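Open the model in your viewer and keep the selection panel at hand.

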Amino acid sequence: MIEIKNVSYTKQTKDDIRFVRQTVFINEQGIEESIEFDGNDENAIHAIIFKDKKAVGVGRILNDGHIGRIAILSEYRGQGFGAKIVLSLIKEAKEKKYSRVYLGSQKHALDFYIKLGFKAFGSEYTEAGILHQSMELFL
């Protein structure tokens with residue numbers, strides 16, 4: 001069974017969020033923990049996707065409409081979970097009447113975000129040693 005929840009960063013949700021991001025960003029991609037866990041989680045709404053009650057993907061949206069930290073455990077990729085996370089965060093933004101959401105896409109994920117309606121803007125940049133492109137979606 002698949003379930004997606006938009007939640008605050010609390011004692012009850014913290015472990016699931018941190019587990020997925022630790023696995024994907026720190027263990028797989030080699031991002032430093034101090035960069036990944038940047039102190040903004042308490043001020044964000046997080047989407048968590050569960051498969052059979054196990055957290056398999058996460059993402060967050062900050063108060064200014066910045067979507068980020070989209071991560072799906074490797075064995076669950078290619079099943080549409082990333083899109084479900086992003087769409088859940090966009091729904092959250094619409095409910096809060098944001099006029100736009102934006103993100104920094106890792107270069108390899110550009111097509112994923114384009115399919116969800118995002119458009120690239122600005123120049124490419126490097127963050128945490130990974131090439132990124134700014135993208136936005138007007139709501």
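Is Y113 buried or exposed? Select Y113: this residue is buried, with a relative accessible area of 8% (buried is under 20%, exposed over 50%, partly exposed in between, with a 1.4 Å probe and protein chains only). This is a predicted model, in which local features need pLDDT of at least 70 and side-chain atom pairs count only at pLDDT 80 or more, while totals for chains, interfaces and linings use all residues. Residues are numbered from 1 along each chain as its sequence is written, and side-chain values use heavy atoms, without hydrogens and water.

Rings of Phe, Tyr and Trp (its six-membered ring) pair if their centres lie within 6.5 Å; planes under 30 degrees apart are stacked, over 60 edge-to-face, and the rest tilted. The count by this rule is three aromatic pairs. F112 is partly exposed, at 30% relative accessibility.

Next, show the largest nonpolar core, which has 39 residues (a core is a set of buried Ala, Val, Leu, Ile, Met, Phe, Trp, Tyr and Cys residues joined through side-chain atoms within 4.5 Å). I61, I67, V101, Y113 and F118 have the most contacts inside this core. α3 gives the most to it, six residues; helices (H or I, at least four residues) and strands (E, at least two) are DSSP runs, numbered from the N terminus.

Turn to the largest pocket, with a volume of about 800 Å³. On a 1 Å grid over the protein atoms alone, a pocket is an open set of points with protein on both sides within 12 Å along at least five of seven lines, a cavity is a set where a 1.4 Å probe fits but cannot get out, and lining residues have an atom within 4 Å of a point. Grid points are joined across faces, edges and corners, and a volume is the space filled by probe spheres set on the points. Of the 37 lining residues, select F25, I70, Q106, A109 and Y113, which lie nearest the pocket centre. β4 supplies the largest share of the lining, six residues.

Last, select I45, I61, L62, N63, E92, A93, K96 and Y98, which line the largest cavity. Its volume is about 30 Å³.
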